[in-house]
Amino acid sequence: MRKILKRYSNFIDSRDSLDSKVFAIILTIGGLITGISTVFTFVEGMGLIATLSTGLCCLLIVAIGFASYELGKEKQCHLLLCLFLNFILVPVTFFMCGGVRSGMTLYFLTCLYIIVPSVIDNRQRLVTFIVSVLMFCAVIFVSTFVRPSWVKAVDDVTWYYDVIISLVLNAICIYYMTQLTINSYENERRAKDALNARLEELAVMDELTGLYNRREMFERLGNRRNRGVAQKRFLVMLDIDNFKKVNDTYGHVFGDQVLSEISRVIKENLGQHSSEFAARYGGEEFLYILFNPTVEEAFERAEKIREAVYGIKYSEHEELHVSISCGFAEFPFGEDINETLKRADKLLYQAKNAGKNRIER
(Lines give C-alpha, C1' and ligand atoms only; values in the text may rest on other atoms or scores of the structure.)
Protein backbone atom coordinates (compact mmCIF):
# COMPACT_ATOMS: atom_id res chain seq x y z
CA MET A 1 0.00 0.00 0.00
CA ARG A 2 2.83 2.34 0.88
CA LYS A 3 4.50 1.69 -2.48
CA ILE A 4 1.24 2.41 -4.32
CA LEU A 5 0.78 5.71 -2.46
CA LYS A 6 4.42 6.62 -3.12
CA ARG A 7 4.06 5.94 -6.85
CA TYR A 8 0.84 7.93 -6.95
CA SER A 9 2.48 10.85 -5.14
CA ASN A 10 5.38 10.77 -7.61
CA PHE A 11 2.92 10.71 -10.49
CA ILE A 12 1.12 13.81 -9.16
CA ASP A 13 4.43 15.60 -8.56
CA SER A 14 5.50 14.84 -12.12
CA ARG A 15 2.61 16.86 -13.57
CA ASP A 16 3.94 20.16 -14.89
CA SER A 17 1.09 22.48 -13.87
CA LEU A 18 -1.47 22.97 -11.13
CA ASP A 19 -4.47 22.31 -13.39
CA SER A 20 -2.84 19.07 -14.57
CA LYS A 21 -2.29 17.95 -10.97
CA VAL A 22 -5.84 18.83 -9.97
CA PHE A 23 -7.18 17.00 -13.04
CA ALA A 24 -5.31 13.84 -12.05
CA ILE A 25 -6.60 14.09 -8.49
CA ILE A 26 -10.18 14.67 -9.66
CA LEU A 27 -9.93 11.57 -11.82
CA THR A 28 -8.67 9.58 -8.85
CA ILE A 29 -11.19 10.89 -6.35
CA GLY A 30 -14.03 10.73 -8.88
CA GLY A 31 -13.20 7.14 -9.63
CA LEU A 32 -12.97 6.27 -5.93
CA ILE A 33 -16.20 8.08 -5.03
CA THR A 34 -18.20 6.52 -7.86
CA GLY A 35 -16.68 3.14 -7.09
CA ILE A 36 -17.50 3.43 -3.38
CA SER A 37 -20.95 4.84 -4.19
CA THR A 38 -21.63 1.84 -6.43
CA VAL A 39 -20.86 -0.48 -3.55
CA PHE A 40 -22.98 1.48 -1.07
CA THR A 41 -25.96 1.86 -3.40
CA PHE A 42 -25.92 -1.90 -3.75
CA VAL A 43 -25.45 -2.55 -0.01
CA GLU A 44 -28.09 0.01 0.93
CA GLY A 45 -30.54 -1.68 -1.45
CA MET A 46 -31.18 1.43 -3.55
CA GLY A 47 -31.93 -0.64 -6.63
CA LEU A 48 -30.23 -2.05 -9.69
CA ILE A 49 -30.61 1.14 -11.73
CA ALA A 50 -28.84 3.26 -9.07
CA THR A 51 -26.06 0.71 -8.79
CA LEU A 52 -25.62 0.47 -12.55
CA SER A 53 -25.66 4.27 -13.04
CA THR A 54 -22.90 4.88 -10.48
CA GLY A 55 -20.96 1.89 -11.81
CA LEU A 56 -21.16 3.18 -15.39
CA CYS A 57 -20.05 6.62 -14.18
CA CYS A 58 -17.01 5.00 -12.56
CA LEU A 59 -16.16 3.24 -15.83
CA LEU A 60 -16.58 6.49 -17.77
CA ILE A 61 -14.14 8.26 -15.47
CA VAL A 62 -11.66 5.45 -16.04
CA ALA A 63 -12.17 5.85 -19.80
CA ILE A 64 -11.50 9.61 -19.57
CA GLY A 65 -8.31 8.87 -17.64
CA PHE A 66 -7.22 6.38 -20.29
CA ALA A 67 -7.90 8.87 -23.10
CA SER A 68 -5.99 11.55 -21.22
CA TYR A 69 -2.79 9.70 -20.34
CA GLU A 70 -2.61 6.86 -22.84
CA LEU A 71 -3.87 8.73 -25.91
CA GLY A 72 -2.32 12.08 -25.00
CA LYS A 73 -5.62 14.00 -24.88
CA GLU A 74 -5.24 15.57 -21.45
CA LYS A 75 -6.23 19.14 -22.38
CA GLN A 76 -9.40 17.98 -24.14
CA CYS A 77 -10.22 15.66 -21.24
CA HIS A 78 -10.04 18.49 -18.67
CA LEU A 79 -13.22 20.09 -19.94
CA LEU A 80 -14.80 16.74 -20.82
CA LEU A 81 -14.42 15.50 -17.25
CA CYS A 82 -15.85 18.70 -15.80
CA LEU A 83 -18.85 18.62 -18.14
CA PHE A 84 -19.39 14.92 -17.48
CA LEU A 85 -19.38 15.39 -13.72
CA ASN A 86 -21.61 18.47 -13.71
CA PHE A 87 -24.13 17.58 -16.42
CA ILE A 88 -24.31 13.78 -16.39
CA LEU A 89 -22.81 12.01 -13.38
CA VAL A 90 -24.02 14.17 -10.50
CA PRO A 91 -27.51 15.05 -11.88
CA VAL A 92 -28.28 11.41 -12.78
CA THR A 93 -26.93 10.11 -9.48
CA PHE A 94 -28.95 12.79 -7.67
CA PHE A 95 -32.21 11.24 -8.89
CA MET A 96 -31.01 7.69 -8.38
CA CYS A 97 -29.76 8.19 -4.82
CA GLY A 98 -32.60 10.04 -3.09
CA GLY A 99 -32.51 13.63 -4.36
CA VAL A 100 -32.51 16.24 -1.62
CA ARG A 101 -33.01 13.43 0.91
CA SER A 102 -29.43 12.34 0.35
CA GLY A 103 -25.93 13.75 0.43
CA MET A 104 -25.96 14.56 -3.29
CA THR A 105 -26.24 18.34 -2.78
CA LEU A 106 -22.76 18.14 -1.23
CA TYR A 107 -21.48 16.78 -4.52
CA PHE A 108 -22.99 19.83 -6.26
CA LEU A 109 -20.71 22.08 -4.20
CA THR A 110 -17.66 19.92 -4.87
CA CYS A 111 -18.36 19.92 -8.60
CA LEU A 112 -18.56 23.72 -8.57
CA TYR A 113 -15.29 23.85 -6.64
CA ILE A 114 -13.37 21.83 -9.21
CA ILE A 115 -14.41 23.99 -12.17
CA VAL A 116 -11.82 26.68 -11.45
CA PRO A 117 -8.72 24.47 -11.61
CA SER A 118 -10.17 22.12 -14.24
CA VAL A 119 -11.25 24.51 -17.01
CA ILE A 120 -8.21 26.38 -18.32
CA ASP A 121 -9.78 29.11 -20.49
CA ASN A 122 -11.10 32.03 -18.37
CA ARG A 123 -14.26 32.68 -20.39
CA GLN A 124 -14.98 28.97 -20.72
CA ARG A 125 -14.48 28.57 -16.99
CA LEU A 126 -16.99 31.34 -16.14
CA VAL A 127 -19.60 30.01 -18.57
CA THR A 128 -19.17 26.47 -17.22
CA PHE A 129 -19.54 27.71 -13.66
CA ILE A 130 -22.72 29.71 -14.34
CA VAL A 131 -24.34 26.96 -16.40
CA SER A 132 -23.41 24.37 -13.74
CA VAL A 133 -25.04 26.44 -10.97
CA LEU A 134 -28.20 26.83 -13.07
CA MET A 135 -28.10 23.10 -13.88
CA PHE A 136 -27.93 22.08 -10.24
CA CYS A 137 -30.70 24.53 -9.26
CA ALA A 138 -32.87 23.16 -12.08
CA VAL A 139 -32.22 19.57 -10.98
CA ILE A 140 -33.29 20.37 -7.41
CA PHE A 141 -36.38 22.24 -8.66
CA VAL A 142 -37.45 19.44 -11.01
CA SER A 143 -36.89 16.74 -8.41
CA THR A 144 -38.93 18.63 -5.83
CA PHE A 145 -41.80 20.25 -7.74
CA VAL A 146 -42.00 18.87 -11.29
CA ARG A 147 -41.04 15.18 -11.25
CA PRO A 148 -40.66 14.03 -7.64
CA SER A 149 -41.56 10.55 -8.86
CA TRP A 150 -38.23 10.37 -10.67
CA VAL A 151 -36.38 10.43 -7.35
CA LYS A 152 -35.53 7.10 -5.77
CA ALA A 153 -37.17 7.12 -2.33
CA VAL A 154 -34.98 6.35 0.68
CA ASP A 155 -35.81 5.81 4.34
CA ASP A 156 -34.47 7.92 7.20
CA VAL A 157 -31.67 5.51 8.14
CA THR A 158 -30.40 5.33 4.55
CA TRP A 159 -30.64 9.10 4.28
CA TYR A 160 -28.60 9.51 7.48
CA TYR A 161 -25.82 7.16 6.38
CA ASP A 162 -25.75 8.62 2.87
CA VAL A 163 -25.34 12.15 4.20
CA ILE A 164 -22.53 11.08 6.55
CA ILE A 165 -20.70 9.17 3.81
CA SER A 166 -21.14 12.00 1.29
CA LEU A 167 -19.94 14.57 3.80
CA VAL A 168 -16.79 12.61 4.57
CA LEU A 169 -15.96 11.89 0.91
CA ASN A 170 -16.56 15.45 -0.22
CA ALA A 171 -14.69 16.90 2.75
CA ILE A 172 -11.66 14.75 1.91
CA CYS A 173 -11.90 15.81 -1.75
CA ILE A 174 -12.12 19.54 -0.95
CA TYR A 175 -9.40 19.35 1.68
CA TYR A 176 -6.99 17.54 -0.61
CA MET A 177 -7.55 19.87 -3.55
CA THR A 178 -7.28 22.95 -1.32
CA GLN A 179 -4.07 21.61 0.18
CA LEU A 180 -2.73 20.90 -3.29
CA THR A 181 -3.58 24.43 -4.41
CA ILE A 182 -1.85 25.95 -1.39
CA ASN A 183 1.21 23.73 -1.80
CA SER A 184 1.43 24.52 -5.51
CA TYR A 185 1.21 28.23 -4.77
CA GLU A 186 3.91 27.96 -2.11
CA ASN A 187 6.15 25.94 -4.43
CA GLU A 188 5.68 28.45 -7.24
CA ARG A 189 6.33 31.33 -4.85
CA ARG A 190 9.51 29.71 -3.54
CA ALA A 191 10.64 28.95 -7.09
CA LYS A 192 9.94 32.55 -8.09
CA ASP A 193 11.81 33.89 -5.04
CA ALA A 194 14.74 31.60 -5.81
CA LEU A 195 14.74 32.73 -9.44
CA ASN A 196 14.62 36.40 -8.44
CA ALA A 197 17.42 35.85 -5.95
CA ARG A 198 19.45 34.11 -8.65
CA LEU A 199 18.81 36.92 -11.13
CA GLU A 200 19.81 39.50 -8.53
CA GLU A 201 22.95 37.48 -7.82
CA LEU A 202 23.81 37.23 -11.52
CA ALA A 203 23.29 40.99 -11.84
CA VAL A 204 26.00 41.72 -9.25
CA MET A 205 28.19 38.61 -9.24
CA ASP A 206 30.70 37.16 -11.68
CA GLU A 207 29.36 33.68 -12.42
CA LEU A 208 32.74 31.95 -12.78
CA THR A 209 34.52 33.34 -9.73
CA GLY A 210 31.64 34.13 -7.37
CA LEU A 211 33.09 37.60 -6.78
CA TYR A 212 31.33 40.87 -7.51
CA ASN A 213 31.36 41.94 -11.14
CA ARG A 214 32.78 45.18 -12.49
CA ARG A 215 29.47 47.06 -12.49
CA GLU A 216 28.72 46.20 -8.88
CA MET A 217 32.27 47.08 -7.94
CA PHE A 218 31.85 50.65 -9.21
CA GLU A 219 28.44 50.82 -7.52
CA ARG A 220 29.99 49.89 -4.18
CA LEU A 221 32.99 52.15 -4.64
CA GLY A 222 31.02 55.18 -5.78
CA ASN A 223 31.62 58.42 -3.98
CA ARG A 224 28.16 58.31 -2.39
CA ARG A 225 29.33 55.24 -0.45
CA ASN A 226 32.72 56.65 0.45
CA ARG A 227 31.60 58.51 3.55
CA GLY A 228 30.82 57.69 7.12
CA VAL A 229 33.56 55.11 7.93
CA ALA A 230 36.54 56.25 9.97
CA GLN A 231 38.78 53.19 9.56
CA LYS A 232 41.53 53.27 6.92
CA ARG A 233 40.72 51.64 3.62
CA PHE A 234 43.06 50.13 1.01
CA LEU A 235 42.65 48.91 -2.56
CA VAL A 236 44.65 45.98 -3.89
CA MET A 237 44.69 45.33 -7.63
CA LEU A 238 45.73 41.74 -8.40
CA ASP A 239 46.68 40.33 -11.79
CA ILE A 240 47.58 36.70 -12.61
CA ASP A 241 51.12 36.42 -13.98
CA ASN A 242 51.53 34.82 -17.42
CA PHE A 243 47.85 33.83 -17.55
CA LYS A 244 47.81 33.75 -21.36
CA LYS A 245 50.61 31.18 -21.26
CA VAL A 246 48.59 29.10 -18.77
CA ASN A 247 45.61 29.13 -21.14
CA ASP A 248 47.71 28.35 -24.19
CA THR A 249 49.60 25.53 -22.46
CA TYR A 250 46.90 23.85 -20.40
CA GLY A 251 43.68 24.96 -22.08
CA HIS A 252 40.92 27.41 -21.21
CA VAL A 253 39.05 24.91 -19.05
CA PHE A 254 42.05 24.67 -16.76
CA GLY A 255 42.41 28.44 -16.98
CA ASP A 256 38.89 28.80 -15.59
CA GLN A 257 39.88 26.45 -12.78
CA VAL A 258 42.83 28.71 -11.96
CA LEU A 259 40.52 31.73 -11.84
CA SER A 260 38.13 29.88 -9.54
CA GLU A 261 40.90 28.73 -7.20
CA ILE A 262 42.42 32.18 -6.89
CA SER A 263 38.96 33.65 -6.26
CA ARG A 264 38.44 31.09 -3.52
CA VAL A 265 41.67 32.16 -1.81
CA ILE A 266 40.65 35.82 -2.03
CA LYS A 267 37.21 35.12 -0.55
CA GLU A 268 38.71 33.05 2.27
CA ASN A 269 40.88 36.01 3.25
CA LEU A 270 38.13 38.62 3.33
CA GLY A 271 38.10 40.33 6.69
CA GLN A 272 35.23 40.70 9.12
CA HIS A 273 34.59 44.32 8.22
CA SER A 274 31.15 44.57 6.59
CA SER A 275 32.43 46.84 3.81
CA GLU A 276 35.27 44.60 2.68
CA PHE A 277 34.73 42.91 -0.66
CA ALA A 278 36.50 41.55 -3.72
CA ALA A 279 35.55 41.81 -7.39
CA ARG A 280 36.64 40.52 -10.75
CA TYR A 281 37.86 43.65 -12.47
CA GLY A 282 38.74 42.14 -15.84
CA GLY A 283 39.73 38.85 -17.47
CA GLU A 284 42.44 37.87 -14.96
CA GLU A 285 42.41 41.01 -12.81
CA PHE A 286 40.83 41.31 -9.37
CA LEU A 287 40.23 44.11 -6.89
CA TYR A 288 40.20 43.70 -3.16
CA ILE A 289 39.07 46.44 -0.75
CA LEU A 290 40.30 45.90 2.80
CA PHE A 291 40.26 47.78 6.09
CA ASN A 292 42.97 47.93 8.72
CA PRO A 293 44.17 50.37 11.39
CA THR A 294 47.66 50.59 9.87
CA VAL A 295 49.23 50.35 6.44
CA GLU A 296 51.55 47.58 7.58
CA GLU A 297 48.73 45.35 8.80
CA ALA A 298 46.83 45.86 5.56
CA PHE A 299 49.93 45.11 3.51
CA GLU A 300 50.54 41.91 5.49
CA ARG A 301 47.05 40.73 4.66
CA ALA A 302 47.62 41.38 0.95
CA GLU A 303 50.95 39.55 1.17
CA LYS A 304 49.20 36.60 2.80
CA ILE A 305 46.89 36.34 -0.21
CA ARG A 306 49.81 36.49 -2.64
CA GLU A 307 51.61 33.67 -0.80
CA ALA A 308 48.43 31.57 -0.56
CA VAL A 309 47.83 31.91 -4.32
CA TYR A 310 51.37 30.79 -5.10
CA GLY A 311 50.89 27.81 -2.79
CA ILE A 312 47.77 26.49 -4.53
CA LYS A 313 48.18 22.87 -5.63
CA TYR A 314 46.51 21.83 -8.89
CA SER A 315 45.90 18.09 -8.95
CA GLU A 316 46.14 17.92 -12.75
CA HIS A 317 49.47 19.79 -12.87
CA GLU A 318 51.18 19.48 -9.51
CA GLU A 319 54.38 21.05 -10.84
CA LEU A 320 52.58 24.31 -11.68
CA HIS A 321 52.77 27.38 -9.43
CA VAL A 322 50.59 30.28 -10.53
CA SER A 323 51.56 33.65 -9.12
CA ILE A 324 49.98 37.10 -8.93
CA SER A 325 51.35 40.61 -9.02
CA CYS A 326 49.64 43.34 -7.01
CA GLY A 327 49.36 47.08 -6.74
CA PHE A 328 48.62 48.24 -3.18
CA ALA A 329 47.23 51.75 -2.65
CA GLU A 330 45.44 53.61 0.11
CA PHE A 331 41.87 54.50 -0.85
CA PRO A 332 40.87 57.65 1.07
CA PHE A 333 37.18 58.25 1.68
CA GLY A 334 35.84 60.86 -0.71
CA GLU A 335 38.50 60.23 -3.35
CA ASP A 336 37.26 59.44 -6.85
CA ILE A 337 37.59 55.72 -7.46
CA ASN A 338 39.21 56.31 -10.86
CA GLU A 339 42.10 58.16 -9.22
CA THR A 340 42.74 55.29 -6.82
CA LEU A 341 42.49 52.76 -9.65
CA LYS A 342 45.07 54.69 -11.67
CA ARG A 343 47.52 54.62 -8.78
CA ALA A 344 46.90 50.91 -8.06
CA ASP A 345 47.24 50.09 -11.77
CA LYS A 346 50.55 51.96 -11.99
CA LEU A 347 51.85 50.06 -8.95
CA LEU A 348 50.68 46.77 -10.46
CA TYR A 349 52.75 47.34 -13.60
CA GLN A 350 55.73 48.25 -11.48
CA ALA A 351 55.36 44.85 -9.77
CA LYS A 352 55.20 43.18 -13.18
CA ASN A 353 58.31 44.97 -14.40
CA ALA A 354 60.15 44.18 -11.17
CA GLY A 355 59.89 40.43 -11.74
CA LYS A 356 56.25 39.53 -10.94
CA ASN A 357 54.93 37.54 -7.97
CA ARG A 358 55.23 40.61 -5.76
CA ILE A 359 53.32 43.58 -4.36
CA GLU A 360 54.25 47.23 -4.97
CA ARG A 361 52.93 50.00 -2.75
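Predicted model: local features only at pLDDT ≥ 70, side-chain atom pairs only at ≥ 80, totals over all residues.
User: Let's move to open space. What makes up the lining of the largest pocket?

Analyst: That pocket holds about 280 Å³ of space. There are 13 lining residues, and Thr-28, Ile-29, Leu-32, Ile-172 and Tyr-176 lie nearest the centre. The helices α1 (2-14), α2 (18-43) and α8 (156-204) each supply at least two of the lining residues, with α2 giving the most, 6 residues.

User: How do you know which class of residue dominates there, nonpolar, polar or charged?

Analyst: By the tally: the lining has 11 nonpolar residues, 2 polar and no charged.

User: What makes up the lining of the second largest pocket?

Analyst: The second largest pocket has a volume of about 210 Å³. Its lining residues include Tyr-8, Phe-11, Leu-27, Thr-28, Leu-32 and Tyr-69. Two or more residues come from each of α1, α2 and α3 (48-69). The largest share is that of α2, with 5 residues. By class there are 8 nonpolar, 3 polar and no charged residues. Gly-31 and Gly-65 are in this lining, and they belong to the polar group because Gly is classed as polar.

User: Why is one space called a cavity and another a pocket?

Analyst: In a cavity a 1.4 Å probe fits but cannot get out, whereas a pocket is open, so the way out decides the name.

User: What lines the largest cavity?

Analyst: Its lining has 26 residues, with Ile-33, Thr-34, Ser-37, Leu-89 and Tyr-107 nearest the centre. The elements giving two or more residues are α2, α4, α5 and α8, and α2 gives the most, with 9 residues. Sorted by class, the cavity lining has 15 nonpolar, 9 polar and 2 charged residues.

User: Now the packing. Which residues of the largest nonpolar core touch the most other members?

Analyst: Those are Leu-81, Phe-84 and Leu-85, in a core of 38 residues. At least two residues of this core come from each of α2, α3, α4 (74-96), α5 (104-113), α7 (122-146) and α8. The largest share, 9 residues, is from α4.

User: Which residues is Leu-81 in contact with, beyond its neighbours within four places in sequence?

Analyst: They are Phe-23, Ile-26, Leu-27, Ile-61 and Ile-64. Each counts because contact means heavy atoms within 4.5 Å.

User: What makes the other core a core, and which residues does it include?

Analyst: Members must be buried and joined through side-chain atoms within 4.5 Å. The second core is separate and has 30 residues, among them Leu-259, Tyr-288, Ile-312 and Val-322.

Key:
Residues numbered from 1 in each chain as written. Heavy atoms only, no water. 1 Å grid on protein atoms, 1.4 Å probe; cavity = no way out; pocket = protein on both sides within 12 Å on 5 of 7 lines; lining within 4 Å. Points joined across faces, edges and corners; volume = space filled by probe spheres on them. Helix = DSSP H or I, 4+ residues; strand = E, 2+ residues; numbered from the N terminus. Buried < 20%, exposed > 50% of the residue type's maximum accessible area, 1.4 Å probe, protein only.
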